[in-house]
Amino acid sequence: MLERLFQLKAHGTDVRREVIAGITTFLTMAYIIVVNPSILSGSGMDFGAVFVATCLAAAIGTLIMGLWANYPIALAPGMGLNAFFSFTVVGSMGYSWQVALGAVFLSGFIFFLLSVFRIREWIINSIPLSLRFGISAGIGFFLALIALKNAGIVVDNPATLVGLGDVQTPETLLFAGGFLLICALSYRQITGAVMIGIIAVTVVAMMLGLVEFDGFVSAPPSLAPTFMQLDIAGALNVGLVSIVFAFLFVDLFDTSGTLIGAAQRGGLLDKDGKLPRLGRALMSDSVATMSGAALGTSTTTSYIESTAGISAGGRTGLTAVVVAILFLACLLLSPIASIIPAYATAPALLYVAVLMTSGLKLIEWDDVTDAAPAVVTALVMPLTFSIANGIAMGFITYALIKALSGRWSHLNASVVIIAIIFILKFIFLSE
């Protein structure tokens with residue numbers, strides 16, 4: 001049955017190798033089951049319900065990817081977009097988390113339509129590389145700011161907007177130790193480095209009496225507080241257009257980049273360098289996002305950590321199925337997730353931020369018409385606490401600089417249209 005479903009022999013693999021690859025991928029991304037509830041609960045959502053939604057959304061999306069697209073790619077709620085959901089859309093802009101979930105659902109539905117009508121390639125190929133790198137780096141800086149804020153290192157200051165907090169508190173020192181540990185373990189290529197760092201900080205905090213241990217296993221918390229609570233009608237408000245676009249663009253770039261990168265790593269591209277069954281893979285992602293919104297979590301997307309499993313030999317959807325089963329098993333571990341403090345997950349945020357900002361090295365720094373929009377995009381996101389604002393400013397800056405420089409050939413219809421939409425949004429709509 002497994003051979004018929006996943007064509008193991010044709011992909012040069014076997015069940016044992018696929019299972020090991022699935023376990024490897026899961027260990028590298030398992031941190032999301034504690035980080036995501038920690039972030040989204042800041043928007044007023046029930047921690048236990050989000051924990052269950054995270055596990056279920058990851059399992060559903062990964063199962064679809066494995067069984068339908070037959071790729072060793074795992075999915076889960078995306079880092080960066082969860083912070084944008086909680087701290088910007090709900091925290092800064094004042095929308096309810098129900099409306100924010102509605103926006104996530106709409107972005108997933110649009111993504112699905114783009115995949116069905118094969119418009120996705122046109123959009124992806126028409127977005128300048130410099131903006132893609134700037135968006136990725138900006139999300140990284142955004143996560144870094146949240147991590148440092150949660151650790152108490154960055155605090156508000158009336159005179160300078162931000163300032164240095166008390167770096168001598170146990171929480172701050174544990175954060176620093178956790179980050180250093182994660183980086184060191186990652187450099188040594190230790191599987192599950194991020195999760196090890198989170199657990200290590202939590203254990204030390206328990207020893208110091210900063211958190212209380214409530215056991216390992218229990219029945220899953222109720223999903224009722226978030227299940228089907230999304231407000232799609234509220235999300236159709238014209239003021240949320242940029243929010244829906246932000247969710248859509250970031251998911252589109254993340255998914256496409258992850259799929260291509262992972263496929264290259266595993267030799268899954270065809271002779272023309274294209275990814276077979278790309279449509280199925282992208283539709284799996286969009287369905288996972290819509291399912292996640294219905295369950296009660298932010299955008300579900302493909303994880304670049306899947307390359308860890310691919311490096312371990314994973315070549316088919318059986319790897320993804322193993323990951324999905326492990327996410328379902330985690331439903332019984334809610335007591336562990338609930339005691340992990342914010343300063344234990346903050347090192348994971350900062351580490352992910354480091355990975356996301358690495359794309360800055362690929363920007364053409366000698367060409368200011370490319371470098372300037374990328375920098376504007378990357379800086380506006382953390383400084384305005386909004387991924388949407390960063391994307392908007394990036395497109396506007398890119399279009400205007402290229403036009404004023406006389407480099408019309410670098411502009412295409414999609415960039416100009418998107419830039420005009422964002423300009424009109426700033427003129428006529430306020431957040």
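## Around T62

T62 makes contact (heavy atoms within 4.5 Å) with I73, A74, L75, A320, V323 and A324, leaving aside residues up to four places away in sequence. T62 itself sits in helix α4, residues 47-69; helices here are DSSP runs of H or I with at least four residues, strands are E runs of at least two, and both are numbered from the N terminus.

A word on the model: it is predicted, so local features need pLDDT of at least 70 and side-chain atom pairs count only at pLDDT 80 or more, while totals for chains, interfaces and linings use all residues. Residues are numbered from 1 along each chain as its sequence is written, and side-chain values use heavy atoms, with hydrogens and water left out.

## Around T202

T202 belongs to helix α10, residues 193-207. At 5% relative accessibility, T202 is buried. Again setting aside residues up to four places away in sequence, T202 touches V211, I339, I340, P341 and A344.

## Helix α13

Helix α13 covers residues 278-295, and its end C-alpha atoms are 26 Å apart, in agreement with the 26 Å that 18 residues should span at 1.5 Å a residue (the expected span is 1.5 Å times one less than the number of residues). Of those 18 residues, 14 are buried, so α13 is largely enclosed by the rest of the structure. Just after α13, G296 takes a positive phi of about 120 degrees.

The largest pocket holds about 870 Å³ of space. It has 31 lining residues, with S136, F253, D254, G257 and T258 closest to its centre. Helix α12 (241-266) is among the elements that supply at least two lining residues, and α12 gives the most, with nine.

The second largest pocket comes in at about 600 Å³. Its lining has 19 residues, and T28, S186, T307, A308 and Y351 lie nearest the centre. Contributors of at least two residues each are α2 (15-29), α10, α14 (306-311) and α17.

For the record, a pocket is an open set of points on a 1 Å grid over the protein atoms alone, where a 1.4 Å probe fits, with protein on both sides within 12 Å along at least five of seven lines; lining residues have an atom within 4 Å of a point. Points are joined across faces, edges and corners, and a volume is the space filled by probe spheres set on them.

Methods. Buried < 20%, exposed > 50% of the residue type's maximum accessible area, 1.4 Å probe, protein only.
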